[in-house]
Amino acid sequence: MKISVYIATSLDGFIARKNGDLDWLPGSDGQGDHSEDYGYAKFIETIDMLVMGRNTFEKVLLFGQWPYGDRRCVVLTSRDLTIPENMAAHALARNAQPKELISELEEMGVQRVWLDGGKTIQHFLREGWVDELIITRVPVLIGNGIPLFGHTLNDINLQHIETVSFESGFVQSRYAFVRKPEVN
Ligand SMILES: NC(=O)c1ccc[n+]([C@@H]2O[C@H](COP(=O)([O-])OP(=O)(O)OC[C@H]3O[C@@H](n4cnc5c(N)ncnc54)[C@H](OP(=O)(O)O)[C@@H]3O)[C@@H](O)[C@H]2O)c1
């Protein structure tokens, strides 16, 4: 199973403002020019399961409809979660540690996971479960917000695979992780 992060950040490393706003991220409101998708369509085509933190899922709920086609999603939360009827077939809530969740997904035959949400990504990174990071940096400094990265127990070594730049000024880098523990 391969676990990928595909996420946009401000140049100073934030994925949202403190209050969760994405107004600094062009296109996040569904408006504007969609001729460039920054590899999204190609990426999501490879994904058979999303795993996201509750805070990110609460943002997805604001879309009003399921934005990921027929793909399912595990929502990590330690609290009760009400999933609206029109999304109930796609999303299931879990209160699980990364290792436990990964074993469960492997048993379900999941092969490609999109991992999303700042705290959630940090947790999986700390425990060495992320295989690939695709980060699209937006040329804006927002000064404060929800960070993509945080505290780590040890240095985490990455291998740079490629970086591409777009006319919009977005710069996308792909990294692979150098090591990963085995699931017992
Ligand atoms: N720029 C982008 O591309 C992008 C992408 C994704 C998200 N975002 C933004 O990022 C913000 C959300 O990120 P975030 O860092 O606040 O949080 P997050 O990772 O989406 O959610 C964190 C929450 O998920 C739950 N959780 C995570 N791991 C868990 C585990 N192993 N077991 C049980 N519960 C677990 C906890 O909720 P409880 O303990 O409270 O249940 C935790 O507080 C939103 O504003 C969203 O719009 C931006």
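1. Helices (H or I, at least four residues) and strands (E, at least two) are DSSP runs, numbered from the N terminus. By that definition Asn95 lies in the loop between S5 and helix H3 (98-107). This is a predicted model: local features need pLDDT of at least 70, side-chain atom pairs count only at pLDDT 80 or more, and totals for chains, interfaces and linings use all residues. Residues are numbered from 1 along each chain as its sequence is written.

2. Overall make-up. The protein has four helices and 10 strands. Read from the N terminus, their order is β-β-α-β-α-β-β-α-β-α-β-β-β-β. The radius of gyration, taken over C-alpha atoms, is 16 Å, close to the 16 Å that the globule rule gives for 184 residues, so the protein is as compact as a globular protein of that length. The globule rule is 2.2 Å times the number of residues to the power 0.38. The C-alpha trace spans about 45 × 40 × 30 Å along its principal axes.

3. Burial and contacts. A residue is buried if 20 or more other C-beta atoms lie within 10 Å of its own, exposed if 12 or fewer, and partly exposed in between, with C-beta atoms placed from the backbone. Of the 184 residues in the protein, 24% are buried. Two residues are in contact if their C-beta atoms, placed from the backbone, lie within 7 Å. Among contacts with a separation of 6 or more, 70% come from residues 24 or more positions apart.

4. The sheet. Two strands pair if DSSP finds at least two bridges between them. Eight strands form an open sheet with mixed pairing, in the order S5-S4-S3-S6-S1-S7-S10-S9. Its edge strands are S5 (91-94) and S9 (158-165), each of which pairs on one side only. On average, neighbouring strands of this sheet are turned by 20° against each other, direction ignored. For such angles, axes are lines fitted to C-alpha atoms, for helices over the stretch in contact, and angles run from 0 to 180 degrees between N-to-C directions.

5. Parallel pairs. Strands of a sheet pair through backbone hydrogen bonds, either parallel or antiparallel. S1 and strand S6 (residues 112-116) run parallel and are joined by four bridges. Here Ser4 stands opposite Trp114 in S6. Helix H4 packs on the sheet and touches S1, S3, strand S4 (72-76) and S6, its direction making about 120° with that of S6. S3 and S4 also run parallel, joined by five bridges, and Val51 stands opposite Val74 in S4. S4 is mostly covered, as four of its five residues are buried.

6. Antiparallel pairs. Strand S7 (residues 132-138) and strand S10 (residues 171-177) run antiparallel, with six bridges between them. Leu133 stands opposite Tyr175 in S10. Seven bridges pair S9 with S10 in the antiparallel sense. Arg174 in S10 is the bridge partner of Glu162. S9 and S10 form a hairpin with five residues between them, and Gly169 in the turn has a positive phi of about 100°.

7. The ligand shell. Which residues are closest to the ligand? They are Gly20, Gly53, Thr56, Gly117 and Gly118, out of 27 residues that surround the ligand. A residue is near a molecule or strand if its C-beta atom, placed from the backbone, lies within 6 Å of it. Two or more shell residues come from each of strand S1 (2-10), strand S2 (14-16), strand S3 (49-53), helix H2 (54-61) and helix H4 (118-126). The shell divides into 10 nonpolar, 12 polar and five charged residues. In this count Ala, Val, Leu, Ile, Met, Phe, Trp, Tyr, Cys and Pro are nonpolar, Asp, Glu, Lys and Arg are charged, and the others, Gly among them, are polar.

8. Asn95. Is this residue buried or exposed? Asn95 counts as exposed because it has 12 C-beta neighbours inside 10 Å. Leaving aside neighbours within four places in sequence, Asn95 is in contact with Thr77 and Ser78. Asn95 and Leu76 are 19 residues apart in sequence and 5.7 Å apart in space, C-alpha to C-alpha.

9. Two other loop residues. Trp66, in the loop between H2 and S4, counts as partly exposed because it has 19 C-beta neighbours inside 10 Å. Not counting residues up to four places away in sequence, Trp66 touches Met87 and His90. Tyr38 lies in the loop between S2 and helix H1 (40-45). With 17 C-beta neighbours inside 10 Å, Tyr38 is also partly exposed. Most residues other than glycine have a negative phi. Tyr38 has a positive phi, near 55°.
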